[in-house]
Amino acid sequence: MATFQGPTPTPRRSSRLGSRPPGYSPPVVQPRRQGRAIPGAGQSSRLPTSRLTTPARNTAPNRIPDDISVSSDGAVGMDVDEETTSLIFERAIRTETVFAKSQQLAVSFYSNLPVEVKQILKNPDFYRDPYSGDVDPLTGFALVVSAQTCFVWNHAQALSGTPTCYIFACPPSDSAPFHVLIPTGPNREPGLILASIHGELRLWGSIGIGLAGGEHYSTTELPLRSDDGELLTTLSRIDSQTFVTSTSFGRLFRLTLGSTGGKYHLTSHVFSQPHSSLSLTRIFPLWSSNSQTERGYINSVALGNATPSGREIWVAVDTRIQLWNLRFEGYEELISEEDLGESIREAIQEYTPATSRRGSGVELDVELLDIVLESSPNVVLLVSYAGTDDENSMMMSNNPRRIYALIRFSYTANVFAAECATVVPYQSTSSSGAPMHPRIQSVRGGALVAIQFGDAIALCARDTEYMDRLELRNSTDRTLGIGVLPSVGGELLVLTAATMMKVYVDMDQIAKFDPETGRATLIKSIMTQAILYGSNPDNPLNFSFPPEIDGNSLMTGAEQLSKAILESDSEIIRPNHDLNAHMMGRKDKLKFLIEFINDNAALSKMSQSSRQRLSTDAEKLHAAHQVWLRHNEFLAGGSRRSILSDAVHAYMEDIGEGHHDDFMRAFFRLRVRDIGEITSWMLPILNGVKEKATSLPALGPILAETNRIVLTILTSAIEYRKYSLDLYGVELPVHDPWTAQMRTINQVIELFELTAAVVVAHGAGSSDALTEGVIRMQLTELASVLFKCCYDRLEWLKSPQASGDSAVDRERVILGERFDLLRPQVLNTLRKLDHAQYAFQLAEDYLDFRNLASLCHTDTVYPPESNPNAARIQTYIDKFKEAFTTELYQWYIEHGELRTLFAQDRVYGEYVDKFFAENSHPNISWINDIGKHRYGAAANALFGEDRRAADLETKHLILSIGKLCQLAQMQHHDAPMDKSVLDAFDDSLDTVAVQEDLILQFSSVKPPTKAKQSFEALVENILKVKATRLAGRQANADVFKQLLRQLLRCKALSDEELVDLISLKDNDETLDDFNVALHILTKAKGLPESRQLHAFRSVWRRIYLHDDWDSIRQTMDVTDDELTEKYQNTALYATLACGPKYVLEPSRALVIPSTADIASRWPGLPPDQVEALEKDYAMESQALERLELENDFKRIRELVAQDAERF
């Protein structure tokens, strides 16, 4: 640091002072009480850091001490090394350099710092070395002060050259002193006051003294209670002759500038006032001529309005607000004092988001930081309160997140009322770096408030919801001061440790700020500025999102900016005829955009659809760039016209953009978003050439070019998507991917089929370069792209986001079925055209095990060891396990290769078992079970399979083997006999025996002639001979013939069919067959109850209608024995004598099935035939009802009982 010894020589001076702009100097940055950071005075190494202060950015580097020394010979000397020399002659930043620009503000370079200031601020340690500064618009000067040295210069002079730097020694202290410049007139250099935190004040009547070493100053000692730890906390200029300083004990001192004998000096006294009685209860009448109010830490002193008797000042003491009047008579009058702590907490809870606060009431841990008069009678308070803990901190309890807010209070009739609260777009966390006390300044009478933090400047409008911030980039930089220029608009000078910037605020634009669209525009502006200005190494600003960024605004702004980049918006993209460089720059900007969002940890606030829209823009730009590179190669080969240029020209004409001289470059500059549309314009051109081509091989060149462009678009986009999934945070499946539209899929299919046809036309063994080279290789690429497009489309259609729409469901089904048919066709085409290895790889990549199994068996299948793909099959089984074996064994079953299935190596037996356990194939699995001595499992698999057997012989075999397996299970495992299972097999075998017996019965019917007759003639003859009672009932006759045809062809009949056939035929010689039919119905399994009951009724009706009851009832000249014999010869007697389980009396057999029951029994039967059957059933019922057999039924039942007792 600078050390002053003896007389100080004159420092370097390059020019005299220029004119100074008039204006008012707002309150400067000031210090705080011990135990807190001292605002405006830098950070003392002996004072602990307050948890509530506002840190600078990031962590501080190693300290580099000041190296300015003052020699004893009267010349200011500097220890200048090579690094310092390079610093002096470093490249100057042009004054028109823009650091940031939006609709509402523009930040540009204003001036460089003096070399002396740059030297001490090069790589400073803000944790250990205290620094402060100020930009005074009233005097036109700026200053930077450390604990040892104060540097003052005319900042306006730095615009045209190297400014004169005035150097002063500070009062001894470990903290940077408070400072204030003294206006002395338009053509004179200002004076300077430096005040240490311990109460020593140094006054220079003119900073010109600094040119002579600055030793000539006057000193004033304030009567602080040093033994009790009282420290200065602020120093404020009231006017050119009056200043106020405050202490950590709540005392205020009035400083008055005077002169004696031409020498300036300061006189001071503690605030005092005559005895008075204040009547309002909220005003504290605690003052006397020798005392002030209760003790408290003064955070801020702000200049108030001028009054007829003096000047008002506002004072912030802890959470109390005091209003003083500095009277011309030389004393001070306390007008009002009120504790606003509770009002502040209530305003925070009412106007700020609850999610950002930590608790309520005292838990908010509110601190009043600064105060400024906005416009009479309103004041603006800067407060901070506890936010949620910093999740990134290792010690969250010691490093809470502090949130800042501006609260506006109206002051009327000595009453404060909170009007509103605005959360400042800045938060301090445990990782923010070295602390600094934040300060606020009013712009345009409070229409805008600027808040200075250690690493940022925040801006908040009063009348709109506009807010923004300027954040410093480097950890070695920090804000030192803000000056508000007295301009019509809003202009600020921002002094940092690296440079001085000018901020122009367009108040008209701020007044027009619309919160509905403005937030998104503001977020877009931040990202735009980051893209345009963030890459400038001389830019001191860092671009980032404000805390609590709104997700909708972020998404809207990001998508708008991405669209602007894609469309080469002139405000963002600089024109460049070198389209390759132009597109590279646009790609870099899109990448920067998403990286910027990621770096700001804001990606989680974006929806998947928004992320995917940004990703889609990047994919299209990347694909378009690759197409342009291919087109460049094409042009470099000497060609000037291609199918791409024809397609682009047609497209540009169609959308009304054909006026461009270079339509190709215009498309890639302006219409990249429509790169996917170009393929739709290429295919018609290709088909036109195809129609005129004399042969398919002649189509080769243009087909190759078309394939090349289509493949470039799709493959580059797909590859970029895969590469950038994590970068964009995209979750699969992609929402309706542009590379997988149905139009695109159809185009790729068309190109694949045409390419395959051209390859075939050239000949599989052709040595033609076109066939063997480009076209043949493109076939595999087209297949890969086709699979990818279909897969991506199906994945999207299956996703929950796409479900619920009938059109989507229909498309999913159609595309799924189409893709199932398409895959084997594509793979077989590749195999046939010498790309078998690629076909295998493609099926393997998409886990298409079904077609993988098919590809493995295009040659010899059995025996397995003779298959050329036997080793490949084993590899797939070992690699994919059940996923592959399931499809492999299914393929064997579907293609009748069961011998190959069961010829598998025993080591794969577990896969066979798992396959049959998870896939129901009981007609096959029993073979595997018998081979492994699982006879019970085999019997269970066969049981019930007989019902699915189509022919009688197979059914008989299945039942016989099943019964043998059940017997073997009991014998092999010495298990007790399960009679129910054996009975079930026996019943089914009995049913088969009945059908075989019926075949014999019907086959015994002799033909009417000896001539050979047709099958239908045979059926008609049997109907006439064996179903005479069906005359007049055509529907039942048709049923009989249908069942008879199946039986004679040895087809297995179901239980219902068999019962119908038995009950419809004549049973004069086989009365017991009725009982057989009833027995079959009783044992029937899986038959709906209603249909089973109707079947019982039909059988009983036909039993009753079998005999001629009118003849039986003729009793004239008939003995009782003869009548009894007639009863005993009826079908009813024969049936009841067999003791059927279910007996239906005549009245219960009258009910016939409904139309619905008939349609269920005979699915697919035309309605007219259903109606005819219903009429035949009705005829049966009516005939039975007319017979009135109730008494006959009872008599025959008695006879059966009597005969049973007798025998």
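Visitor: Is Arg 850 buried, partly exposed or exposed, and what is its relative accessible area?

Guide: Buried means under 20% relative accessible area, exposed over 50%, and partly exposed in between (1.4 Å probe, protein chains only). Arg 850 has 39%, so it counts as partly exposed. Keep in mind that this is a predicted model, where local features need pLDDT of at least 70, side-chain atom pairs count only at pLDDT 80 or more, and totals for chains, interfaces and linings use all residues. Residues are numbered from 1 along each chain as its sequence is written, and side-chain values use heavy atoms, leaving out hydrogens and water.

Visitor: Which residue does Arg 850 meet in a salt bridge?

Guide: A salt bridge puts a side-chain nitrogen of Lys or Arg within 4 Å of a carboxyl oxygen of Asp or Glu. Here the partner is Glu 887, at 3.6 Å from N to O. Glu 887 sits in helix H19 and Arg 850 in helix H17, 37 residues apart; helices are DSSP runs (H or I, at least four residues), numbered from the N terminus. Glu 887 is partly exposed because its relative accessibility is 24%.

Visitor: How many salt bridges does the structure hold?

Guide: There are 56. One of them joins Asp 848 and Arg 823 at 2.7 Å, N to O, and both residues are buried.

Visitor: What about Glu 1180: which residue is its salt-bridge partner?

Guide: That's Arg 1102, with the closest N and O atoms 3.1 Å apart. The two lie 78 residues apart, in helices H35 and H30, and both are buried. They also belong to a network of salt bridges, whose members include Arg 1033, Glu 1056 and Asp 1060.
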